[in-house]
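Okay, everyone, thanks for coming. Let's take a quick look at this one together.

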Amino acid sequence: MSEKGYLLLVLHTHQPFVRHPEFDYPVEEDWLSEAISECYVPLAEICNGWLRDGIQARLTFSLTPCLCAMLADGLRQQRYCRYLEERIAFLDREITRLKDREELARLARMQQQRFLRCHQIFKDVWRADVIGAFRKLQDCGLISVIASAATHAYLPLWQLQREIVELQIAVGIQSYEKNFARQPLGFWLPECGFYPGLDDLLQAKGIKFFFLDTHGILNGDPKPKYREYAPVLCPSGVAAFGRHRESHVQVWLKDRGYPGDPAYLDRRADISFELDQRYLFSLTHHATTVPTGISYYRGGYGGSREPYDPQWALARCMQHADHFVQQCKLQAESVYAAMGRKPVFVAMFDTEHFGHWWAEGPAWLDLVIRKLACEQDVVRLVTAEEYLQLNPTNQVVTPSMSSWGYQGYSESWLMGRNHWIYPALYKALESCNRMIAMSPSPVGLLRLALSQYLRELLLAQSSDWAFIMHAETTQSYAENRVREHLDNMRNIESQVLRGSLNSEWINSLAGKNNAFADIDLLDLYGRILKNGAE
Amino acid sequence: MSEPAGDHFWFLLKDPHWALLCWELSPATIREIKEQRGTTEQDAQLWLRIHDVTDILFDGHNSHWYFDVPVRGKTDHWYLAVPAPNRVYCAELGCKLEDQQFCLALRSNPVFVPRAGPSDWVAEQWANIIL
């Protein structure tokens with residue numbers, strides 16, 4: 001059997017910038033701790049397994065700049081260690097509590113082993129340098145890391161202010177260069193949000209490819225000959241790859257996909273929902289229900305009260321991996337026969353799906369990659385740059401405005417509960433431009449104040465806040481975050497206009513919201529404004 | 001921000017069928033609207049005029065066609081059903097005189113509304129990517 005197609009797997013790795021030195025135990029900081037424990041460590045471990053076993057794997061990761069900023073931050077690293085140590089200690093108590101229920105005690109020991117392993121890798125192997133771990137995997141040629149926008153702003157809703165879109169991209173690229181010691185070839189558009197003309201801004205920064213949802217390609221002009229089975233070249237020359245819907249449905253959807261299998265761990269059955277909050281307090285530090293990341297029951301998304309059976313879960317994982325590989329092969333053969341060109345199936349997921357939402361996701365991915373690399377030759381794993389090297393000739397098409405969000409456009413980020421964000425932030429940028437026009441070459445404290453203003457604006461633009469308001473999950477936190485950044489900007493502006501800067505407050509704010517502290521935001525933005533004026 | 005309310009009018013796209021119009025009127029513009037209406041009423045009725053400006057440089061008078069939408073109630077935004085995708089629209093905010101003449105207060109940015117399905121334009125132009 002000869003090669004009939006390609007599989008391009010992309011894991012989009014992002015967390016919004018959350019850092020609260022003013023609180024001892026901010027619940028929202030757990031988001032990153034959970035992601036490192038449940039996703040980044042297991043995924044990096046399976047990548048290292050491929051390296052050790054000589055598996056020709058290819059996997060594409062985006063690591064967003066705001067995530068990298070948290071991963072590189074000493075306070076967040078320290079708090080992650082604390083998160084692990086508290087769980088390791090707490091699980092000792094759990095093992096004692098469950099001594100008469102061996103089935104559950106065994107699962108508690110298993111969870112403790114998982115946290116111990118994370119602790120060992122994070123502290124002893126990586127020396128807290130998660131970015132470095134991914135950089136090494138990229139340097140080995142096993143994974144390809146692509147850049148993304150500074151704070152994961154949903155760019156179609158900022159296109160009225162081109163200069164801030166350019167700043168999001170420029171900070172994203174500079175952050176990538178610092179973290180991965182090379183220039184990025186690919187760019188992850190937050191939420192796959194695209195509008196015609198955005199490709200020009202990426203092209204100007206040397207970007208060669210990005211990814212879109214299926215309809216972004218299918219609704220392009222002219223009609224793409226090979227549908228989403230081949231990338232298109234935008235008029236700017238940048239390639240756009242479209243998502244393959246079938247792979248997404250199988251792996252992602254809770255009702256029709258693999259993760260809903262009853263053998264899999266039920267993450268929603270977190271022990272915090274059943275145990276006394278006083279007993280959990282040493283772990284959660286709050287009197288309310290705070291997920292602990294510990295659960296003992298199986299049931300996938302269906303839910304059950306049966307103890308988790310790791311052997312059964314692994315067996316189902318193997319069956320699901322077989323099924324996925326088989327489907328890939330069948331689809332490659334069938335599309336190749338119809339198209340006369342090897343199709344590329346682009347499977348794109350949030351990294352958090354593998355480990356956080358689907359506990360067995362990393363194990364499944366490991367099996368899929370090993371099977372694809374060693375047990376067949378119909379489908380070849382590629383990165384986008386490899387595909388483009390092998391297939392440089394592509395149709396010129398202008399992709400359509402699109403996103404991978406609900407209904408395929410901007411609805412999740414522009415609706416009744418969140419639309420107030422945009423006028424407020426549009427005006428904030430106008431204020432910023434006025435202040436910069438008044439002080440074109442600021443120095444000292446004024447420079448720090450204006451840089452912090454830009455930082456606050458970027459942080460408020462994160463698509464996560466609008467999305468959370470839409471989804472009504474941790475709505476008040478998201479609203480408070482945007483309001484807090486707006487207040488900070490207002491305060492800076494009023495101090496600048498009064499000509500009386502509060503050094504202590506500005507320095508303390510810059511220390512708290514310290515994302516991209518190693519990037520000269522004002523210099524970057526000044527150059528963008530200058531180029532725009534020319 | 002800290003300055004008094006200025007004049008702003010933003011046309012934001014939600015999807016090929018819906019858009020959001022948001023505005024902020026300065027006290028001077030509100031005064032002007034009331035003077036034009038010759039009224040002292042607190043909240044003069046605002047109107048939106050939506051122009052189809054596809055493939056033209058809009059000068060305020062040369063749109064392909066337009067339609068008017070009354071802004072009901074005291075609000076600073078309006079969700080608009082877009083008449084047809086794959087067109088460019090521009091909105092105007094203003095009021096109407098006794099004789100129904102539209103008096104312009106603010107004009108929005110133009111917005112390109114994407115197509116809602118595949119293009120019927122079939123053309124094969126191919127190029128090589130330079131990595």
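Before I point at anything: helices here are DSSP runs of H or I with at least four residues, strands are runs of E with at least two, and both are numbered from the N terminus. This is a predicted model, so local features need pLDDT of at least 70 and side-chain atom pairs count only at pLDDT 80 or more, while totals for chains, interfaces and linings use all residues. Residues are numbered from 1 along each chain as its sequence is written, chains are lettered from A in the order in which they are written, and side-chain values use heavy atoms, with hydrogens and water left out.

Let's start with A:L91, which sits in helix α3 (residues 74–97) of chain A. Is A:L91 buried or exposed? Its relative accessibility is 0%, so A:L91 counts as buried (buried is under 20% relative accessible area, exposed over 50%, partly exposed in between, with a 1.4 Å probe and protein chains only). And what does A:L91 touch, leaving aside neighbours within four places in sequence? Its contacts (heavy atoms within 4.5 Å) are A:A108, A:Q111, A:Q112, A:F115, A:I294 and A:Y296. A:M110, 19 residues away in sequence, is 9.7 Å from A:L91, C-alpha to C-alpha.

Now over to chain B. Three strands make an open, antiparallel sheet, in the order β1-β2-β5 (strands pair if DSSP finds at least two bridges between them). At the edges are β1 (8–15) and β5 (77–81) of chain B, each pairing on one side only. Seven bridges join β1(B) to β2 (residues 18–24) of chain B, and B:F9 stands opposite B:W23 in β2(B).
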